[in-house]
Amino acid sequence: MDTMFVAPQAEDDVSLLDILDHVLNAGVVLHGNIIISVAGVDLVYVGLNVILTSIETALRHIHQLPPDSRRG
Amino acid sequence: MKPGQTSVLYLYGISEGQVPPPSLAGVDGTATIEAVPCSGLVCWISRVAASDFAENLARNMENLDWLAEVGVRHQRAVAAVAELCDVLPARFGTVFISENTLAADVRSRKPTLLADLQRIRGAEEWGVKIFRTASPKPVLADAPRSGGEYLKAKAELLRERPPKTSDAELERFAAAAKAVTVDVAPGGSVSGAQPGLLWHASFLVQRSSRKKFQQLVEKFSREWQPQRRVECTGPWPPYSFVSRATRQATEGR
């Protein structure tokens, strides 16, 4: 086969990397900051810092790189 | 979600029209996806446990097994909605405490959301990765006379060799792809470190141009054999084509 066409639903490691690429890197970010919740008060959670940290972690695990090899 | 737990709204995406939701479980594998009218738009959500998706989200995301499982469910949910209507995908882990906070936030950035919805109308995303094909296994030329010589020779063999085709080839592909697509965005960083990856991008393709786009990818793939291998994934919801303004409106806060 000339080209490898892969549907996002395919269940393999390559597909998982692609899924994480899409769902973590892109998409609408409605609130960019983590707001600590206070009981009973309407707040929005979640933020980019969390996501960026997770990508770093994911990269290190997936590619099994030493912690600082991707910097600089 | 167990009864009595505090729930939050997990957002999958935003669309313009109201259509019946897909019968599919959301990120927690239990609660189904709902379409909630929201400041004149429609927000696609499911109600999930605050403990997993709000209070402990950061910690959960450090757990790769959790991240993988929930990430895949997020993608499935957004893809299911994208089959029903044009939807602006939300980033993983966007959670609101109530319909009110969600509506307020959507209202505050409605003009940008509308512009984005206009741009992705009738289109889907395709990812293209171009890999350098592993060259045939080289052999040691002469029998090494010492251990040091052997290691030196081995290191020489393992050294990365530049690809045979030049970057002009990649530019030629990018230019040809531009003619059949709406937009292009750089690929993400998670899979960006795959071995042998030379080039990586996402294209916004009108559904009516899907065939043309695939034919183009196949044409280049044939021409590049055997030095390069092309991998094409899709159709994706248009994750990579949410405008920077929408993505970054609150990032600097």
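This is a predicted model: local features need pLDDT of at least 70, side-chain atom pairs count only at pLDDT 80 or more; totals for chains, interfaces and linings use all residues.
In chain B, strand E2, spanning residues 34-38, runs antiparallel to strand E3, which covers residues 41-49, and five bridges join the two. Within this pairing, B:Ala35 has B:Trp44 of E3(B) as its bridge partner. The two strands E2(B) and E3(B) form a hairpin in which two residues lie between them, and in that turn B:Ser39 adopts a positive phi of about 50°.

## Pairing around strand E8

Strand E8 of chain B (residues 197-206) is joined by nine bridges to strand E6 (residues 123-132) of chain B, with the two strands antiparallel. In this pairing, B:Trp199 of E8(B) stands opposite B:Ile130.

E8(B) also pairs with strand E7 of chain B, residues 183-186, through four bridges, again in an antiparallel arrangement. Here B:Ser202 of E8(B) is the residue that stands opposite B:Ala185.

## Helix H5 and the residue after it

Helix H5 of chain B comprises residues 110-120, and its buried residues are B:Leu113, B:Asp116 and B:Ile120. These buried residues line one face of the helix, because they fall within an arc of 65° when H5(B) is seen down its axis. B:Pro111, B:Ala115 and B:Gln118, by contrast, are exposed on the other side of H5(B).

After H5(B) comes B:Gly122, which has a positive phi, near 70°. Strand E6 of chain B, the partner of E8 described above, spans residues 123-132.

Technical notes
Residues are numbered from 1 along each chain as its sequence is written. Chains are lettered from A and ligands numbered from 1 in the order in which they are written. Two strands pair if DSSP finds at least two bridges between them. A residue is buried if 20 or more other C-beta atoms lie within 10 Å of its own, exposed if 12 or fewer, and partly exposed in between; C-beta atoms are placed from the backbone. The arc is that of the directions from the helix axis to the C-beta atoms.
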